[in-house]
Structures are given as structure tokens and as C-alpha cells.
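Reader: I have a model open and would like to go through it with you. Could we begin with the overall picture and then turn to single residues?

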Amino acid sequence: MTDSHTLVAEHVSLGYGDRTVVDGLDLTVPPGRITTIVGANACGKSTLLRALSRLLAPSQGHVLLDGKAVHTQPTKAVARTMGLLPQSPLAPEGIAVADLVARGRSPHQRMLSRWAVADEQAVEEALELTGTTDLVDRSVDELSGGQRQRVWIAMALAQQTDILLLDEPTTFLDICHQIEVLDLLTDLNRTRGTTIVMVLHDLNLAARYADHLVAMCGGQLLAGGTPEEVLTAETVERVFGMRSEVVADPVSGKPMVLPIGRHHSAQPVGHA
Amino acid sequence: MRTAPATRPAPSPLRAGRRRRAASRRRAAALLGVLVLALFALSLMVGQTFYGPGEVWRVVLGQDVPGASFTVGTLRLPRAVLGLVAGASLGIAGVTFQTMLRNPLASPDIIGISAGASAAAVIGIVVLRVDEALVSGMAIVAALVTALVIYLLAYRDGVLGTRLILIGIGIAAMLDSVVAYVIVRAAAWDLQVAMRWLTGSLNGATWGIVLPLVVAAAVLMPVLLAQSRQLDLLQHGDDTASALGVRVERTRLTVIVAAVALIAFATAAAGPIAFVAFLAGPIAARVVGPGGSLMVPAALTGALLVLAADLAGQHLFGTRYPVGVITGVLGAPYLVYLLVRTNRAGGSL
Ligand SMILES: Nc1ncnc2c1ncn2[C@@H]1O[C@H](COP(=O)(O)OP(=O)(O)O)[C@@H](O)[C@H]1O
Ligand SMILES: [Mg+2]
């Protein structure tokens, strides 16, 4: 069902004011798969997600959703197809979890429409999937970082979009919550075919959870493909300016990056 | 036939909680509404001569009541309506700005928009001696221009933060000094006029002054209310709001223009009633609690503040104080508190 939605960036240039951040980037998001984006800080990952989600208009090129320029489509219609969890979303003071997650239903509501059974079910389901059902009456302010992040994901899930963009959804979480969130997103992808595009900080997790891995550097797309194709010592060096060794992760068999710093190398540096 | 409540399946905790909070918000707003009505009635009854509810009601219905018809119908009614509508306009416009800019300091009376309207109005009335309609027009143009100037000065890469507040406070100070200068230099200046343009006052309210504001409020408040859902979503940041289907720029432009125009009409009619726009939202938020739109509660709180402050200023002290003096005394400490807190918290809400 959802594999039908296509999301393509065609030679897009993006920037703020006169400053160009992303320059002539091409990206085809594989429908129904998980795409992860990695790259050094400030290389334009969030900027790219903003353009994909239609917030930022490209100065050149197009973002095409189902073949039509996303910026010419009605915001609400786009919001029923594609959701975005930004890097640092804000919550108004004191808002309850249930009321926040319910706002994820906004694109499905008309100006004076009543809260429908479908809305209720979507919210219940989102709470359940993220394990936040017990938090509904709590105020978002008083949650731990991990709980709050799950609540934000619940809000994005309540939107019930076939494409979900997430900007560093695991950044504030400890390792077990990171895995929990990534497993949850994988479930979503496997059971409903939701197309997922996410920026991840951790290279190894990005490689493990990706069907399609994209490496960005200085506003350019450096490499895109399966984790095995993309995550090589050479790419890591070009993207992060860091030498490393790439081995097979004994747990998943996916590539795993072992950074080589100036210290603690068992073998003489330069072996890689 | 209605099903007995006992046989209905229990609502889910999610639904129950959301209903409970929504009901409690509605109750609080209704309470504010009742208080506004009571104060409105009271301000028609009390004064040099007391008229009971019966007499006041007959005057409002248009019947001829000796004595009361003039005192209540011609003197008190326009004044009370001005207090009601100006207060509600300031309250709803104030909370719109505070919500949109996610900062309680970002109220139009703090960041100079009211001062812009006030400066234009005082120049129109005291210097150019134009009529009321033109004064309203000048106030609106000046308020919009002031908003635009602040926006352009504060705009940097799409981020409107503490810079906007600081620039706005500076502009407000400049425009306030324009008002003071015009009043001091005007040949025929008198204390009433001066107080109206310096702090806001309901003195000398006539239907000619009140009607443009009432018409403007009847048009502009629904415009704001229609945007209230989108405005609430903007509180989550532009990215989230846009992803939830809000046309961010369009919503922002619509509410800015409507709120600025409301401020301008209210200011042209009653002067820049000090701190009402600034106080109404935070008080309303305390009263109704989080999770819903604050527009209606803030409008009611604004009306409540103005009506209460005018009653107090007229009757509680030996001297009669204009409404803005009373609201100014209430608002100043809160402003100091917020500034201190902002300084400590580094500018976040
Ligand atoms: N709203 C903005 N206004 C101006 N510059 C911005 C804005 N957001 C990001 N930038 C700049 O664009 C560049 C890329 O930022 P971003 O896309 O957030 O990087 P990443 O997510 O890869 O860390 C950075 O240099 C950043 O300073
Ligand atoms: Mg980023």
C-alpha cells in the first residue's frame, strides 16, 4: 500500500539567506525502506530534511513527492502523507502527554470537526507502540529525556503517515532507549511498510538499521547505497576526516566502524 | 431513550483525561465570562448615583428612565462597552503575539506596537485635529509600520528571539517619548488628553469613539479565532507545525495583521491601556491551565482587567485615576519579574 509513495530530491540547492548549505543534491528515497543519513555536524542533514518535508523551499531543483513538487502541494495534504520529527521540537509549558500526542491528528481534522473514533484509535495505537500509555496524564515537562522522545515519536505516529522523517531521534537517549526507538521504527517499517528517513549520529547504528545508507559531507551527497557499499574506511575518512577500520558487526553482520585515534591502537597506526 | 450512564462502557484513560482537562478549561473560561458580565453590570450601576439592575436593564433595552437614561445610557454604557471591548481586544491580541513568538515578553504593549498606534493617534488628535475615523486609520497604519520595522530590525536568518524583545522595548521607549513630546508641546493640552495617550483611559467615552472599535473587534476577533488551532501548533516550532499541516508563513502574517489592527483600534479608542495585553495571557494561562487555546480566556481576562481597574480607579480612591494607572501598577512588577527571570534563564520562555 505505502510503497506507492515516492520521495525524490532533484538537484536541490538549499540555504538560509544568501548562504548556500546544500548544493545540487540528488536523492531518491527507496519507498517502503529505512534510509539513514549520516554526516559530520553542520553538513546540512537537518536542512535536507526540512526541504524534504516542505518547510524550506529549494533555491534550485525540486523535491518531488509522488512526482509532484512538494512545495506546490497543499501543506495539509502533504502532512497526511509525510510526517517529520525535528531535531528539537518544542512543547508548550505544562501540556499533558495525551493532549500533545493528539495534536499529531491535526492534518486529519477540519477547522470545526469533532474528534472522531479514527483519531482516538490512532492516538491509542501510537501511545501503545511507543510504550507511553501510562504517561497520558503526565505533563510533558516532567518526563525524562527518553520518555519525552518516545512521546514525540508517538505524536508523529499518531499522524499516521506513510513516510516518516526523523532528525536524530535517538540523540538524547541512553543506549538501551536508542535501540528501543530504532527497533520500534523498524517494526513500523516491517509491519506497515512505512518509509522511514532518519538522520542518525551513531554510524554503527545507522549501518545496522538502514536498508539504504546516505553519507553527506559539506552539503553534498557523498555516497548512497546499502550499508556495505557505503560504509567503507575510505568514506568514513572523507566524511568525518577520521581514519578507521571497518569490520563486520558480530551481532548483525552489518559493517561496523572502529575509529583509529592517536592512542590505544594495538597495532601500529597506519595499518588500516 | 437514553442509555443510563452506568451501562455505558467506561471511557479509556486517554479519553477520560482529555475530556476532564477540556471540561476544566471550559469551566474556568465560563467563570471568567461570568465575572466579566458581573463587572460590566456593576460599572453600569455604580457612580455618583446608584441605579439598580432593573433600571439599568430598562435603559439597555432602550426604555426611557428619567435620570438613568442619560447617566447610564449616555455616560456609563459607552464607557463600559469601551472597557469591555478594548480589554478583550488587547487581551486576545496580546496572547496571540505571546503564543506566536513563544515568549511572554513579546506582547504588543512591551515591544512598541501599542506605542506606535498611540503616537500616531496623539499626533492625529492633538496636532492635526482630525476626526475619529481618520485617527483609527492613522493608528493602524502606524502600528503596522512599527511592527514591520521591529520585524525587519530583528529578523536574522528567520530567527526571532530575544533580539526582537530588546529592539521592541527600545522602539517603545522612543515612541513613548514622541507621545510625551507632542502632549507637552501642544498648545491646548489638558490632563485628560495627556493621561489618555500616556497610560490609557476610558474617560470621555462616546459612541463615536467606541463604535469603530466594536466593528473592528467583530471582524478581527473571528479572524484570530479561526487561526487558533494553527497558532497552538506553532508553539511546537515552525518545523513541527509545518509537518502537521500548518501554513506557517501565512498563519503568521494573518495573525500579525489581525492582532496589530486590533491593538491599533483599541489604542485609538482608549489609549495604550498599560500592560493589559501583556498581563491577560499569563493570567488566563494560570486560570484555565495548559493544553488548549488561550485566545478566548485571554480576551475575557483582558476585559476583566480593564473593567475592574476602571471601577477601582473611579471609586476606590479619593482621587479618580484613569484605568491605565491602575493596570500599570499591576503590570510593572510582573514585567520586572519576567525580565529578571529571562536574564537568568538566558531568554527562553
Ligand atoms: N535556521 C537557520 N538559519 C541560518 N543558518 C542555519 C539555520 N539552520 C541551520 N543553519 C546552518 O546551516 C548549516 C547546516 O545546518 P544543519 O542542516 O542543521 O546541519 P546538520 O543537521 O547536518 O548538523 C549550518 O552551518 C548551520 O549553521
Ligand atoms: Mg541537525
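Reader: What share of the 349 residues of chain B counts as buried?

Author: In chain B, 54% of the 349 residues count as buried, where buried means under 20% relative accessible area, exposed over 50% and partly exposed in between, with a 1.4 Å probe and protein chains only. This is a predicted model, in which local features need pLDDT of at least 70, side-chain atom pairs count only at pLDDT 80 or more, and totals for chains, interfaces and linings use all residues. Residues are numbered from 1 along each chain as its sequence is written, chains are lettered from A and ligands numbered from 1 in the order in which they are written, and side-chain values use heavy atoms, with hydrogens and water left out.

Reader: How many helices and strands does chain B have?

Author: Chain B has 14 helices and 0 strands; helices (H or I, at least four residues) and strands (E, at least two) are DSSP runs, numbered from the N terminus. Its radius of gyration is 21 Å, close to the 20 Å that the globule rule gives for 349 residues, so chain B is as compact as a globular protein of that length. The radius is taken over C-alpha atoms, and the rule is 2.2 Å times the number of residues to the power 0.38.

Reader: What box do the C-alpha atoms fill?

Author: Along the principal axes, the C-alpha atoms of chain B fill a box of roughly 65 × 60 × 35 Å.

Reader: Which residues touch the most other members of the largest nonpolar core?

Author: They are Leu82(B), Ile113(B) and Ile273(B), in a core of 158 residues. Such a core is a set of buried Ala, Val, Leu, Ile, Met, Phe, Trp, Tyr and Cys residues joined through side-chain atoms within 4.5 Å. Helix 3 (residues 68-100) of chain B gives the most to this core, with 15 residues.

Reader: And what is Ile273(B) in contact with?

Author: Leaving aside neighbours within four places in sequence, the partners of Ile273(B) include Ala86(B), Leu90(B), Leu202(B) and Val323(B); contact means heavy atoms within 4.5 Å.

Reader: A change of topic: is Ala284(B) buried or exposed?

Author: Ala284(B) counts as buried, because its relative accessibility is 0%. This residue lies in helix 12 (residues 276-288) of chain B. Beyond four places in sequence, Ala284(B) is in contact with Gly289(B), Leu294(B), Pro297(B), Ala298(B) and Thr301(B).

Reader: How far apart are Ala284(B) and Leu233(B) in space?

Author: They are 19 Å apart, C-alpha to C-alpha, and 51 residues apart in sequence.
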